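Please keep the sequence and the structure at hand while reading.

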Amino acid sequence: MRLDSEAPQQHAPRSGLVLIQLLVLGLFCLFTLRLWYLQVHKGTKFAEMARDNQLRQVLINSARGRILDKNGVPLAVSEPSFALGLVREDCEDVPGTLAKVSEWTGVDKATLAETFRRGKKRVKPFEPLILITDLPYEALARIEANEMFYPGLDIVIRQKRSYPTGPLMAHVLGYVAEANEQELEKNPELSLGDSVGKQGLEYALEDVLRGSKGKKQVEVDAFGRQHNEQILEPPQAGKDMTLAIDVKLQETCAKLLEGQAGALIVMEPDTGKIRALVSEPSFDNNLFVLGVPTDKWKELRDNPRHPIQNRVTQGVYPPGSVFKLLMAAAGLSEGFIKPGDVVSCPPAYRVGNREFHDWKKSGFGSLALRDALVHSCDVYFYKLGDRMGIERIHDYALASGFGARTGIDLPHEKGGLIPSKEWKRKRFGAAWSRGETVIASIGQGYVLTSPLQIARYLSALVSDGKLRKPELVETEAPRVDAALPLKEADRQFIVDSMVATVERGTGKSLFRPDVVTGAKTGTAQVVKLVNADVRIKGKFMPYEQRDHAWMASWGKKDGKTYVVVCVVEHAGGHGGEICGPIERRIYEDLFGPAPSKKARAAAAAPAPEPEPVAAPGEIPD
């Protein structure tokens, strides 16, 4: 009897083996088909995509240098921001991509298309063309979430300028904005979307502040995604600049001028350093960094008080009686007067059939030069100017720094005007008259000066007779440009006359016993009076016809000297009346509060006699 060694259920079913074989065969066919698809059907395309995995050189933006005040307070800084770029070589559908960017950001599609059209000629292959310079966070998040579906879009980290003090320093700092076509043409180092200085120190110090871009090498795949990078050349940040301006003093000056149109300067005469430079009204320079909105620009442009104009350097005014300082110097230097000469000063001075009146209706009687400056007698200087003639006045004023730019590191400075016979002939085709010389001798008529020119001239008078460049940068060494054509004795005489003006003349509002102070006030007519004998108070005149108020002064205490110049447009009052209280408050910031009457009385009281000191070996009583 035979026994079977295996049970029937121990044999594998034949149908299962066939199924496994078919499965293996199917997988083999599938892999073969996929291999054919990749290598044959799509081989050319994938070969091109593989070649597109390449090394690219990408620019690294540099940080713009900071601007600080003399005490290290930040006035202009750079903050990181995100820009949107488009690498056109990686983008298969530019119009569709631009439409999507418009949807994400709210920027008009036509604007994006125009930016792309202008920029594609300026960017190198595989370099991002900047479409939007500053992305809001919401737009940035949406773009990053969808970036993989729109090849070519690139988020670029850049630096955005910020001005913490806003309008307070706008006329000094200026602002940066996106480079235009001309600037891109002029400087090959600039790329589309780069910001450059447009006004103020940002413009004047552009090459120092901008720095230089770096380079890095990145590996980019076919979808424009960066995988590996290597720094080839690190970016060099722009140089930080420390200004001579004290922002706290600047703030005081701005508050004193608030609501008025005018200018204020505080300057160190022996160095030329400017400690405050204020032009009012002002504007917020942060508006211009990303492009000022059309409505805001129209508002600034059409404002009748011209807030964008820097009145310190670009405002030119008749200097009025402040010009008498120069006339006194010219008369002494040219030998037309001596300090002790007494001149009759009636109420008016006649030239031909015309009378030129003094500001004081009764006249001043007879005056020497010092009293003529102290009381600002017009007739004294009418006579002096008539004797000198306009050509001597013109030549002497030019030699003293007027009629030309001061050289300050701010763009678009105006040089003012010192008229001459030749100038009038070319300008109007007419001859010069004696009456015009008389008017020019008190800083009226065609004579125009900037507040900065007055500050520079007064600084030279007060220090050593040297005309220095007004300096905004603290680290810059003082630069002497010329010397006043004035003898030392005559210079000192004029300085002493300014002290007397504060002690007993038109500058009394500045007097304080603890500071040596000198001043010259001025009131400049804006329109010609039809009847010089009829005087209307400023507050009853239309704003545009009111006189400008001037005061140019200096103060010295504990070895420190400052020059302060103030002009208020259409103030409708005298220089001492309008500008005096303003400058007095500035000197309180510079030298501390004026001593009270009680403190002055205590200081003037005789000191108590010292107790007797015993001689060696003696015992005092």
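## Helices α12 and α14

Helices α12 and α14 are oblique to each other. In this predicted model, their axes cross at roughly 50° and come within 11 Å. Helix α12 covers residues 324-333, and helix α14 covers residues 378-388. The crossing of these two helices is left-handed.

On the α12 side, the residues that meet α14 are Lys324, Met327, Ala328, Ala330 and Gly331. Their partners in α14 are Asp378, Phe381, Leu384, Gly385 and Met388. Sorted by class, the contact of α12 with α14 has six nonpolar residues, two polar ones and two charged ones.

## Helices α18 and α19

Another helix contact involves α18, residues 451-462, and α19, residues 488-504. The axes of α18 and α19 are 9 Å apart, and the packing angle is about 110°. An angle of 65 to 115 degrees counts as roughly perpendicular, so α18 is roughly perpendicular to α19.

From α18, the residues taking part are Leu458, Ala460, Leu461 and Val462. They meet Arg491, Ile494, Val495 and Met498 of α19. Seven residues of the contact between α18 and α19 are nonpolar, one is charged and none is polar.

## Threonine 517

Threonine 517 belongs to strand β19, which spans residues 516-524. Is threonine 517 buried or exposed? Its relative accessible area is 5%, and the cut-off for buried is under 20%, so threonine 517 is buried.

Neighbours within four places in sequence aside, threonine 517 is in contact with Met498, Val499, Val502, Leu510, Trp554 and Gly555.

## Valine 172

Valine 172 sits in helix α6, made up of residues 170-173. With a relative accessibility of 1%, valine 172 is counted as buried.

Which residues does valine 172 contact, leaving aside its neighbours within four places in sequence? They are Gly200, Leu201, Leu243, Ile245, Gln250, Leu277, Leu410 and Leu472. Along the chain, valine 172 and leucine 410 are 238 residues apart, while their C-alpha atoms are separated by 7.5 Å.

How values were computed. Residues are numbered from 1 along each chain as its sequence is written. This is a predicted model: local features need pLDDT of at least 70, side-chain atom pairs count only at pLDDT 80 or more; totals for chains, interfaces and linings use all residues. Side-chain values use heavy atoms; hydrogens and water are left out. Axes are lines fitted to C-alpha atoms, for helices over the stretch in contact, and angles run from 0 to 180 degrees between N-to-C directions. Helices (H or I, at least four residues) and strands (E, at least two) are DSSP runs, numbered from the N terminus. Angles under 35 degrees count as roughly parallel, over 145 as roughly antiparallel, 65 to 115 as roughly perpendicular and the rest as oblique. Contact means heavy atoms within 4.5 Å. Ala, Val, Leu, Ile, Met, Phe, Trp, Tyr, Cys and Pro count as nonpolar, Asp, Glu, Lys and Arg as charged, and the others, Gly among them, as polar. Buried means under 20% relative accessible area, exposed over 50%, partly exposed in between (1.4 Å probe, protein chains only). A crossing is left-handed if the near helix is turned anticlockwise from the far one by less than a right angle, and right-handed if clockwise.
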